[in-house]
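User: Hi! Could you walk me through this structure in plain words?

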Amino acid sequence: MPDSKTKVLPKLLIIEDDQGLQAQLKWAYDDFEVVLAGDRASALAALRAEEPAVVTLDLGLPPDPDGTSEGFAVLDEIMAIKPDTKVIVASGHGARESALQAIERGAYDFYQKPVDIEQLGLIVRRAYKLHQIEAENRALAAKAGEGNRVLGGMITAAPEMVRVARTIERVANTNVSVMLLGASGTGKELLARGLHDASTRRDGAFIAINCAAIPENLLESELFGHEKGAFTGAVKTTEGKIEQADGGTLFLDEVGDIPLPLQVKLLRFLQERTIERIGGRKSIAVDTRIVCATHQDLETMIAEQRFREDLYYRLAEVVVKIPALAERPGDAVLLAKAFLKRFAKEMNPQVTGFAPDALAAIDGWAWPGNVRELENRVKRAVIMADGKLVGAEDLDLGEGEEEDDVLNLKSAREQTDRRIIRHALARSEGNISGTARLLGISRPTLYDLLKQYDLQG
């Protein structure tokens with residue numbers, strides 16, 4: 001009876017037609033369960049039966065032992081069957097050209113014959129470790145349903161944004177008015193829609209209106225509607241956005257741009273829950289929840305008598321401040337990866353990811369335009385990219401801005417530690433082992449730092 005504590009070894013498939021080399025390689029990898037194959041049929045059968053994490057593949061296989069055609073055919077089939085398999089190819093035929101072609105077809109790495117067992121062993125073990133990390137990432141994403149997605153499908157790993165999402169979820173099923181404060185491009189409408197979807201009003205309409213984008217003389221009609229003949233051009237009775245959102249949610253973006261006379265009418269609706277269309281004489285009861293947003297300082301506007309204080313308190317029963325993208329370390333990388341995946345599918349399917357210099361550029365940019373700027377940059381980069389990876393030059397970000405000096409050493413160290421740990425967490429998509437490896441520290445040390453800096457979400 002086998003010992004229940006027997007260590008389960010990772011599987012390594014060696015595809016090699018030289019039996020002497022087969023034996024030599026099998027002996028060299030005693031920390032793997034080695035599976036051998038000498039041709040295409042046996043290799044693909046072993047791949048399906050054993051599902052190895054790593055494969056070493058000699059490109060010179062029968063019936064073309066002196067060429068590479070059969071080896072490349074096997075590589076193509078492995079990538080089609082199990083694309084997450086790490087394939088390390090070997091050939092003595094046109095090494096440079098074969099290496100480039102193998103990597104282009106999806107191979108993980110390449111080595112040239114004659115085989116250096118020790119060097120190949122390092123490549124094999126590195127490939128297996130990477131396969132482990134990627135498998136852990138997939139498991140975490142599956143467990144979380146959408147990985148790093150929170151309210152409204154927003155992608156984040158930053159504790160600041162997670163807290164914002166949790167706050168909105170807690171008030172979603174109430175009828176309180178919610179005000180979202182944040183710079184342009186931070187995702188205010190996405191969060192407003194998430195609030196609506198999490199509420200009991202989810203089956204009603206979600207209507208959004210940007211108050212800054214509508215001319216002042218048309219905004220009243222947009223919000224409250226009008227009766228036929230109310231003004232020149234009013235050829236029929238039209239419901240306003242407040243009425244259209246009856247039973248649902250109305251999102252007023254850039255509410256600070258509503259002119260003072262119209263603020264009075266909006267306040268009356270919030271107090272009485274009835275409206276009158278322009279040119280109308282009857283009150284219409286409307287059950288609409290208001291969620292609003294602005295990037296402006298409404299308290300300053302109140303002091304300058306440009307915004308009504310009583311309206312502010314009606315709209316701001318709950319105020320949620322949304323941090324800028326620059327205040328959410330690590331999120332830029334997560335969002336960029338999600339945008340790349342979407343845009344590549346739509347516009348340039350050959351693009352599969354970011355080059356290391358692009359990730360560094362994304363990490364280092366201040367993103368003054370927030371998520372909207374990031375989305376636009378990635379979209380452009382995907383279109384402009386010539387190869388499989390988007391490079392820093394495709395993003396066209398220029399030089400990063402220097403940060404302000406921090407003279408307190410302890411504070412500076414803590415800020416730097418927090419920022420670097422969050423960036424590493426984003427790069428490894430939340431995987432602890434991968435993060436520790438990127439940082440060059442042990443897992444216990446990383447856990448201590450996460451606890452010390454309250455970075456565990």
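Predicted model: local features only at pLDDT ≥ 70, side-chain atom pairs only at ≥ 80, totals over all residues.

User: Which residue meets E243 in a salt bridge?
Analyst: The side chain of E243 meets that of R277, at 2.6 Å from N to O. A salt bridge here is a side-chain nitrogen of Lys or Arg within 4 Å of a carboxyl oxygen of Asp or Glu. E243 lies in helix α9 (residues 241-244) and R277 in the loop between β9 (274-275) and β10 (284-285), so the pair ties together parts that are 34 residues apart in sequence. Helices (H or I, at least four residues) and strands (E, at least two) are DSSP runs, numbered from the N terminus.

User: How are the residues numbered, and what sort of model is it?
Analyst: Residues are numbered from 1 along each chain as its sequence is written.

User: Are E243 and R277 buried or exposed?
Analyst: Both E243 and R277 are buried. Buried means under 20% relative accessible area, exposed over 50%, and partly exposed in between (1.4 Å probe, protein chains only).

User: How many salt bridges does the structure hold?
Analyst: It holds 15 salt bridges. One of them joins K11 and E50, with the closest N and O atoms 2.9 Å apart. This pair links distant parts of the chain, as K11 is in strand β1 and E50 in helix α2 (residues 40-50), 39 residues apart.

User: And why does K11 count as partly exposed?
Analyst: Because its relative accessibility is 26%. E50 is partly exposed too, with a relative accessible area of 28%.

User: What does R125 pair with?
Analyst: R125 and D31 meet through their side chains in a salt bridge (3.0 Å, N to O). R125 lies in helix α5 (residues 117-144) and D31 in the loop between α1 and β2, so parts 94 residues apart in sequence are tied together.

User: New topic: what is the strand order in the five-stranded sheet?
Analyst: The order is β2-β1-β3-β4-β5 in an open sheet with parallel pairing. Two strands pair if DSSP finds at least two bridges between them. The edge strands, β2 (33-37) and β5 (109-112), each pair on one side only.

User: How many bridges join β1 to β3?
Analyst: Four bridges join β1 (residues 11-15) to β3 (residues 54-58), and these strands run parallel. For example, L13 has V55 as its bridge partner in β3.

User: OK, how buried is β11?
Analyst: β11 is mostly covered, with six of its six residues buried. R289, V291 and A293 point one way from β11, and I290, C292 and T294 point the other way.

User: Which residues of helix α7 are buried?
Analyst: In α7 (residues 188-198), the buried residues are K188, L191, A192, G194, L195 and H196. They pack against α6 (159-172), β6 (178-181), β7 (206-210), β8 (249-253) and β11 (289-294), where contact means heavy atoms within 4.5 Å.

Definitions and conventions: Heavy atoms only, no water.
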